[in-house]
Amino acid sequence: MSETRETPQTILQRKGREPIAALTAYDFPMAKLLDDAGVPLLLVGDSLGMVVLGYPDTTLVTLDEMAHHVRAVARAKPSGLIAADLPFKTYETPSQAVESAKRLIDAGAEAVKAEGAQAILPQLEAIHAVGIPFLGHLGMLPQHVLEEGGYRIKGRDEAERGALLADARALGQAGAFGIVLELVTPSVAAEITAAIDIPTIGIGSGSDCDGQILVTTDLLGTSPDFIPKHVRPDELLRERMLGIIRGWRETLPKPSATRE
Ligand code: KIV
């Protein structure tokens with residue numbers, strides 16, 4: 001655990017100086033673990049829908065569920081900054097966005113993240129106007145998976161490249177303290193990183209971002225059904241956990257009636 005507490009400003013100041021390590025946290029023990037490992041940015045991601053709650057995607061996650069997990073993470077009092085995802089359909093208008101962001105802040109988040117940029121600019125400006133720090137999220141937007149029909153790499157053609165650059169600039173102007181770039185082609189992610197003053201935090205977007213973020217259960221190899229290609233866990237911790245549980249089960253004392 002580090003002495004100094006991270007803030008949106010300290011995260012922003014890492015750009016060009018120090019890589020930003022960000023990981024998802026969904027509960028108290030995970031937040032403690034990340035804190036002990038010195039992770040400066042903890043995201044209560046709506047990926048918890050899949051890796052904790054068993055939903056098929058993030059679109060079913062509710063604000064109540066997010067607030068519940070944010071409270072658990074906040075109880076760990078990590079030195080790292082706690083950001084939380086605004087779930088799907090909870091930031092449709094500026095007033096709804098502010099109300100939803102306040103719910104997550106009241107639960108213990110110190111910043112929120114929303115997917116998109118120019119398409120939700122009034123909502124982001126409203127969040128910024130009430131003093132709530134926010135992270136942007138561009139590229140593949142998991143909350144749009146149903147309308148897009150899958151998870152697809154972004155930035156492959158000139159139109160997508162231009163739109164991503166314009167969106168990244170709009171987020172910087174709207175006051176974001178960083179942008180998650182998910183499944184953006186490495187060359188476009190590098191171009192965005194060089195073009196803006198706020199840090200980019202990549203996931204499956206190559207190594208030329210200001211930081212990297214992963215779903216922690218992917219990194220540890222404990223995600224239940226699927227580990228994305230951009231993550232190569234050194235070891236599947238799930239296999240070790242299975243061994244421990246099976247070992248324990250097999251050594252249970254037999255009921256006395258079956259002993260002889
Ligand atoms: O919900 C999530 O886990 C995310 C990723 C970018 C890490 O948004």
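How many Å separate an oxygen atom of the ligand from an N or O atom in the side chain of Asp85? The distance is 3.1 Å.

## About the model

This is a predicted model, in which local features need pLDDT of at least 70, side-chain atom pairs count only at pLDDT 80 or more, and totals for chains, interfaces and linings use all residues. Residues are numbered from 1 along each chain as its sequence is written, and side-chain values use heavy atoms, with hydrogens and water left out.

## The ligand and its shell

The ligand sits in the largest pocket. A pocket here is an open set of points on a 1 Å grid over the protein atoms alone, where a 1.4 Å probe fits, with protein on both sides within 12 Å along at least five of seven lines. A molecule sits in a pocket if more than half of its atoms lie within 2 Å of the pocket's grid points.

Which residues surround the ligand? They are Thr24, Leu43, Gly45, Asp46, Ser47, Asp85, Lys113, His137, Val180, Glu182, Ile213 and Val215. Each has a heavy atom within 4 Å of the ligand. By class, the shell holds 4 nonpolar, 4 polar and 4 charged residues. In this scheme Ala, Val, Leu, Ile, Met, Phe, Trp, Tyr, Cys and Pro are nonpolar; Asp, Glu, Lys and Arg are charged; the others, Gly among them, are polar.

Asp46 has a side-chain N or O atom 3.1 Å from an oxygen atom of the ligand. A polar side-chain atom of Lys113 lies 2.8 Å from a ligand oxygen atom. Taken alone, the ligand exposes 250 Å², and the protein buries 97% of that. Such areas come from the Shrake-Rupley method with a 1.4 Å probe; for residues, only the protein chains shown count as cover.

Where is Lys113 placed? It is in strand S4, residues 111-113. Strands (E, at least two residues) and helices (H or I, at least four) are DSSP runs, numbered from the N terminus. Lys113 counts as buried because its relative accessibility is 3%. Buried means under 20% relative accessible area, exposed over 50%, and partly exposed in between (1.4 Å probe, protein chains only).

## Two lysines with positive phi

Lys77 is not a glycine, yet its phi is positive, near 45 degrees. Lys77 lies in the loop between helix H4 (63-74) and strand S3 (81-85). Its relative accessibility is 65%, so Lys77 counts as exposed.

Lys89 has a positive phi too, of about 65 degrees. It is found in the loop between S3 and helix H5 (94-107). At 49% relative accessibility, Lys89 counts as partly exposed.

Ala97 lies in helix H5. It counts as buried because its relative accessibility is 0%.

Leu121 belongs to helix H6, residues 121-129. It is partly exposed, at 22%. Ala163 lies in helix H8, residues 158-174. Ala163 is partly exposed too, at 40% relative accessibility.

How values were computed
A polar contact is a pair of N or O atoms within 3.5 Å; within protein, one must be able to donate a hydrogen and the other to accept it, and residues adjacent in sequence count only if both atoms are side-chain atoms. On a 1 Å grid over the protein atoms alone, a cavity is a set of points where a 1.4 Å probe fits but cannot get out, and a pocket is an open set with protein on both sides within 12 Å along at least five of seven lines; lining residues have an atom within 4 Å of a point.
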